[in-house]
Amino acid sequence: MFEEGTRLGMKSAKVKRTFAENYRVTTVEIDHAMEEANPGQFIMVWMPGIGEKPMSIGNRYPLTISVANVGKVSEAIGKLKAGEMISFRGPLGKPFAVEKSFRRILVIGGGYGVVPMYFLAKSARENGLEIVSVIGGKTGKDIIYEKQLFAVCREVYVTTDDGTRGKKGTVMSEAETLISSKGFDCVYCCGPERMMQAIALFCEMHSIPCQVSVERYMKCGVGVCGSCDIGGKTCCKDGPVFSGEDALKLADFGKAHHDASGKRTV
Amino acid sequence: MSSLDSRFFGKKVKNPLVLASGVLGVTKASLETVCDNGCGIVTTKSLTPEARKGHDGPNIVETECGLLNAMGYPNPGIDEGLKEFAPWKRKDEALIVSIVGKDKAEFGMLAERIEAAGKVLGANAIEAVISCPHTPGYGMMAGQGTPECVCDITSAIKEKTKLPLIIKLSPSVPGEVKLAKSAEDAGADCINMGNSLGPGMKIDLNRKRPILGFGMGGLSGPAIKPIAIRCVYDIYKAIDIPIIGTGGITNGTDAIEMMMAGASYVGVGTAVYFRGPKVFGTIAAEIKDWMEKNGYSKPEKIVGAAHV
């Protein structure tokens, strides 16, 4: 009777360990193997009495999330201690597509957008692909997952706006050089939306396939409530991963968001 | 050849399927996607005078054959909302603007705004929800489920607008036939028989807590279909204005059953969860298929067929 998979079951497991990535991001490893999770997908994390928020999956086992402290739910997740219980549903959303013919990919992460990109790089490496990555942030303290990426990538380029770590400049300038000079089968990207828009446009210009992972205020996580609308598509079900080509067609991409009430914001 | 072409208050629409309010419909682009995916009539998220963030999450949880939800009417408020949905210019699909107020004065004010937006907005009807089972200050939790209250709200809206008015009732409120009749007597143009049923609750065994952020929520999906069918069947006997039958419709035969019970239009909501965003076109094709196999040329010939 129902063609679509239903994945709303709430699961609970114990926190294995937590550690601070930097001044505002905490990584939480959960004693749970989410075998069915693929890079680009997310889970909805439930903190009873506080709320529920979407979190990018950073690893299958142990199930890993890295949480930036931006609100009451993420703050509560960041305070969890090893042995405490955490609840979640997922994996949800459309993952990155890695075609069998791909040999060499470019993985770009801006800020904490690097979390799903590490998961992608790691699984692509396990499948024998060669990965080059670019990560960037405002300042040195914003660079996370650098060591992990070194372990699975052929090359890792780091940029910061103020030059306190890696090359001074933006992810974009480094990425442009790489995209135009070296042969990549696909470019994958997660970070600030204007950066992803610029990369999608640049890839289009150079006829290189590109995939981006977008973020929107989310409530149901399963494509029903419409809160995470992005130009008529649901970020939670149609996305969060879109091909660069599709993303550029979405009227809101790089332009507009909606807050919890649905009010349009810039 | 069967055709699903229908009329919705003077507008020709491609089929009698209605996107139920609260499902998708946060933006005009979202409503247009629902139209592109095969729906003939679409309903906006319910608008209130001021912006509402809605309840804390989780907002939705799956149960046996259905969903429990407690959204809490998130919406950007009537002014932002009307700006978002205007102008509605689709040729083959109609727009219903859903409103929800705490009392007749609020409903009247909301209707006045929509009337003022007039042709710029291009709405085909207003739907007033007086039946939410899980939001304090609204619907059931504000005691709006009495014939007097329904009559007052209907009159207050009709005073302010010439647009066709749909009154949305709930299967959770007893006496739905009396409520539908009082809405009709007060000038309503259509009844939407169907909202989520409840409130209900689901408790997580590991956390020993209700899962929904609001604790309780409205049940929707196949689990409530038999109740929605029975409500529509009973109301059809009592009133002459058309009925939108909403509740658990997931496939073409569900829709046919709802029409036989007396619905001229069929609401679809939770089916988006079970069968994906293209479910409207799929259900429309299934209805057409059934009509062709059973020798029906027009949907209106099925409406009320279960009544002798």
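1. A quick definition before anything else: a polar contact here is a pair of N or O atoms within 3.5 Å, where within protein one must be able to donate a hydrogen and the other to accept it, and residues adjacent in sequence count only if both atoms are side-chain atoms. With that in hand, look at B:Ser172: a polar atom of the B:Ser172 side chain sits 3.0 Å from the backbone nitrogen of B:Gly198. B:Ser172 belongs to the loop between β9 (165–169) and α5 (176–185) of chain B. Helices (H or I, at least four residues) and strands (E, at least two) are DSSP runs, numbered from the N terminus. The relative accessibility of B:Ser172 is 17%, so B:Ser172 counts as buried; the cut-offs are under 20% relative accessible area for buried, over 50% for exposed, and partly exposed in between (1.4 Å probe, protein chains only).

2. Housekeeping. This is a predicted model, in which local features need pLDDT of at least 70 and side-chain atom pairs count only at pLDDT 80 or more, while totals for chains, interfaces and linings use all residues. Residues are numbered from 1 along each chain as its sequence is written, chains are lettered from A and ligands numbered from 1 in the order in which they are written, and side-chain values use heavy atoms, with hydrogens and water left out.

3. On to the interface. Chain B puts 43 residues in contact with 39 residues of chain A, contact meaning heavy atoms within 4.5 Å. The area buried between chain B and chain A is about 3400 Å², and carbon and sulfur atoms give 60% of that. B:Ile60, B:Arg207 and B:Tyr273 supply 20% of the area that chain B buries against chain A, more than any other three residues. Buried area is the accessible area (1.4 Å probe) that two parts lose on being put together, summed over both.

4. What about polar and charged pairs across the interface? There are 10 residue pairs in polar contact between chain B and chain A (both at pLDDT 80 or more). On the chain B side, the elements giving two or more residues are α1 (28–36), β5 (60–63), α2 (78–85), β13 (209–210) and α8 (271–275). The largest share of that side, 4 residues, comes from α8(B). By class, the side of chain B that touches chain A has 19 nonpolar, 12 polar and 12 charged residues. The classes: Ala, Val, Leu, Ile, Met, Phe, Trp, Tyr, Cys and Pro count as nonpolar, Asp, Glu, Lys and Arg as charged, and the others, Gly among them, as polar.

5. Salt bridges next, meaning a side-chain nitrogen of Lys or Arg within 4 Å of a carboxyl oxygen of Asp or Glu. The count over all chains is 29, and between chain B and chain A it is 3. A:Lys263 pairs with B:Glu80, with the closest N and O atoms 3.4 Å apart.

6. Within chain A, A:Glu29 and A:Arg17 form a salt bridge, closest N and O atoms 2.9 Å apart. A:Glu29 is in strand β2 (residues 25–30) and A:Arg17 in strand β1 (residues 11–20), so the pair ties together parts that are 12 residues apart in sequence. A:Glu29 counts as buried at 14% relative accessibility, whereas A:Arg17 is partly exposed at 44%.

7. A:Glu29 also turns up among the residues that A:Pro62 touches: leaving out residues up to four places away in sequence, these are A:Lys16, A:Glu29, A:Ile30 and A:His32. A:Pro62 is in the loop between β4 (51–56) and β5 (63–68) of chain A, and counts as buried at 12% relative accessibility.

8. In chain B, B:Arg275 and B:Glu286 meet in a salt bridge (2.7 Å, N to O). B:Arg275 is in helix α8 and B:Glu286 in helix α9 (residues 279–293), 11 residues apart. B:Arg275 counts as buried at 8% relative accessibility, and B:Glu286 as partly exposed at 27%.

9. Which residues of helix α4 (residues 171–181) of chain A are buried? They are A:Val171, A:Met172, A:Glu174, A:Ala175, A:Leu178 and A:Ile179. Down the axis of α4(A) these fall within an arc of 160°, so they line one face of the helix; the arc is that of the directions from the helix axis to the C-beta atoms. They pack against β7 (104–110), β8 (130–137), β9 (155–160), β10 (167–168), β11 (186–190) and α5 (193–205) of chain A.
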